[in-house]
Amino acid sequence: MNDLQDIEAKVQAGERLSFDEGVRLFRTQDLFHLGRLANLVRERKNGHYATYVKNMHVNYSNVCVFDCHFCAFYRKEGQEGAWEMDLDALFAYAAKTRFEHLDEIHIVGGVHPKLPYRYYLEMLRGLKERYPRVHLKAFTATEIDHLVKLSKKPLVETLQELRDAGLDSLPGGGAEIFAARVWNQICSGKAKPDRWLEIHRTAHRLGIRSTATMLYGHIETDEERVDHMLRLRAVQDETGGFTAFIPLAFHPEHTRLARLPKATIQTDLRVHAAARLLLDNFDHVKAYWIMTGLKTAQVLLSFGVDDIDGTVVEERIVHMAGADSPPGIGEAELRALIREAGRIPVKRDSLYRALDPAVPAC
Ligand code: V47
């Protein structure tokens, strides 16, 4: 079974893969050949290192005006189970969970109908003032689009204002699957794919780095996955501002797509490996172990992935949708899992600079 032979020649030569070749990566019967090719690129770019970040995910609210079919996290304002953290509660939580020991705080919430613009600015200012060393990765493009409306200022000025308040980078959420067919079915109301791309492009031009995600394992086709990745590749050609790509495995429980099965490990391996091969201008492909599970994340370290997110501590978005992974993991345990998978664990900062002494920058 040698259906990837011509693709292998291109990968060996460091040549860019086309749309059709991308689709073939998803259709090959030879999963291990695909894995070997992804691993080749992974080791060419990142050697035997596997990075992780000491981080925490913080959700300031689950109230959201949108009705994304894949989401089990959101509630409507006033609905049972809806909550938002006022800033005093958020800062008290930060003190209790000792944010000073973290290298990154990943902050996201729903698109809240009532919280004012100053809430977001004061959140960033308050956290930066208290924890100046900690990187604030905050607000998906969907939230940024909402903040632009609240600020009544152009996108560039809003991003500058958020940056001045303490925003260091943008997370990659809200991208889902860019193809209109899927978008219109699962999340039609929110900031559209072109807007998502525009927000990240604009952030990059201001020197604000970001990550990119893709939600897979629901109603998308192979072609739509490849289309999604190639749109990201085109922006990365323009700006170079994405630090990493993160495939997110869909968890159906308690969502409007609950009829769908969970993605299999076959799909997890294929998506991460294909991403590594198609996104030749991305330095890093990250496994979000919260969604893939720790066991699969270990295998992914030989299927194109060079980074594992992270210590996390208290994840809610996917746990509301039935994820059976733990809500967080200790650093020592994460390092041991990486080592057992045959990789060298390296603690990194949010811009992928090694924090372990005696390890070259990755
Ligand atoms: O945009 C929502 C996804 C995203 C479900 O940038 C779900 O480093 C699976 O973007 N099953 C938010 N996925 C989380 C996110 C993220 C996570 C880790 C790292 C980074 C990064 C970003 O989670 C949403 C959506 O695509 N999501 N519901 C669900 N039921």
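The model is predicted, with local features needing pLDDT of at least 70 and side-chain atom pairs counting only at pLDDT 80 or more, while totals for chains, interfaces and linings use all residues. Residues are numbered from 1 along each chain as its sequence is written, and side-chain values use heavy atoms, with hydrogens and water left out.

Helix 3 covers residues 31-46, and its end C-alpha atoms are 22 Å apart, in agreement with the 22 Å that its 16 residues should span at 1.5 Å a residue, the expected span being 1.5 Å times one less than the number of residues. Helices (H or I, at least four residues) and strands (E, at least two) are DSSP runs, numbered from the N terminus.

Among the buried residues of helix 3 are Leu34, Leu37, Ala38 and Val41, where buried means under 20% relative accessible area (1.4 Å probe, protein chains only). The cover over the buried residues of helix 3 includes helix 1 (5-12), helix 2 (19-27), strand 1 (49-53), helix 11 (265-278) and strand 8, with contact meaning heavy atoms within 4.5 Å.

## The ligand site

The ligand is surrounded by 26 residues, of which Lys137, Gly172, Gly174, Glu176 and Thr211 are the closest; a residue is near the ligand if one of its heavy atoms lies within 4 Å of it. Strand 6 (209-216), strand 7 (242-249) and strand 8 (284-288) each contribute at least two residues to this shell.

A polar side-chain atom of Glu176 lies 2.5 Å from a ligand oxygen atom, and a side-chain N or O atom of Thr211 is 2.6 Å from an oxygen atom of the ligand; a polar contact is a pair of N or O atoms within 3.5 Å.

Terms used
Polar contact = N/O pair within 3.5 Å; in protein donor to acceptor, adjacent residues only side chain to side chain. Buried < 20%, exposed > 50% of the residue type's maximum accessible area, 1.4 Å probe, protein only.
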